[in-house]
Amino acid sequence: MPIDWDQFDIDVDQAAERSAEATDEILASKVSSLTSMTDAEVKALLPQPADVKALGKLLKIVQSAENRNTKINQIVNNAEEFSGVVLALAKKLI
């Protein structure tokens with residue numbers, strides 16, 4: 001089933017506008033629906049809502065139909081925003 005990234009962005013933005021605790025739950029749920037991680041794993045890995053949102057943006061780039069070089073350029077252009085996510089993912093792999 002293809003992922004509707006526009007709806008994902010809308011859902012994440014709406015969640016970000018709600019209270020911090022509810023936002024954490026909603027954001028974790030949105031990301032866990034795109035990955036093999038559970039809500040609890042997402043919250044443990046990325047405790048900051050901004051990092052969860054950055055992960056969603058990163059996943060959107062990775063799953064896009066763009067060619068590899070375009071994806072790499074988009075990731076490089078957002079490297080500062082993605083740095084916390086990349087660090088958390090790398091730690092999970094070790």
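Reader: Which residues of H4 are buried?

Author: Happy to start there; this is a predicted model, in which local features need pLDDT of at least 70, side-chain atom pairs count only at pLDDT 80 or more, and totals for chains, interfaces and linings use all residues. Residues are numbered from 1 along each chain as its sequence is written, and side-chain values use heavy atoms, with hydrogens and water left out. Taking buried as under 20% relative accessible area (1.4 Å probe, protein chains only), the buried residues in H4 are Val52, Ala54, Leu55, Gly56, Leu58, Leu59 and Ile61.

Reader: Thanks! At what angle do H4 and helix H6 pack?

Author: Helix H6 covers residues 79-93, and its axis lies 9 Å from that of H4. Axes here are lines fitted to C-alpha atoms, for helices over the stretch in contact, and angles run from 0 to 180 degrees between N-to-C directions. H4 is roughly perpendicular to H6, a term for angles of 65 to 115 degrees. The packing angle is about 90°.

Reader: And how are the rings of Trp5 and Phe8 arranged, stacked or edge-to-face?

Author: The two residues both lie in helix H1 (residues 5-17), three residues apart, about one turn of the helix. Trp5 is buried, with a relative accessible area of 14%, and Phe8 is buried as well, at 6%. Rings of Phe, Tyr and Trp (its six-membered ring) pair if their centres lie within 6.5 Å, and planes under 30 degrees apart count as stacked, over 60 as edge-to-face and the rest as tilted. Here the centres are 5.5 Å apart and the planes at 75°, so the pair is edge-to-face.

Conventions:
Buried < 20%, exposed > 50% of the residue type's maximum accessible area, 1.4 Å probe, protein only. Helix = DSSP H or I, 4+ residues; strand = E, 2+ residues; numbered from the N terminus. Parallel < 35°, antiparallel > 145°, perpendicular 65-115°, else oblique.
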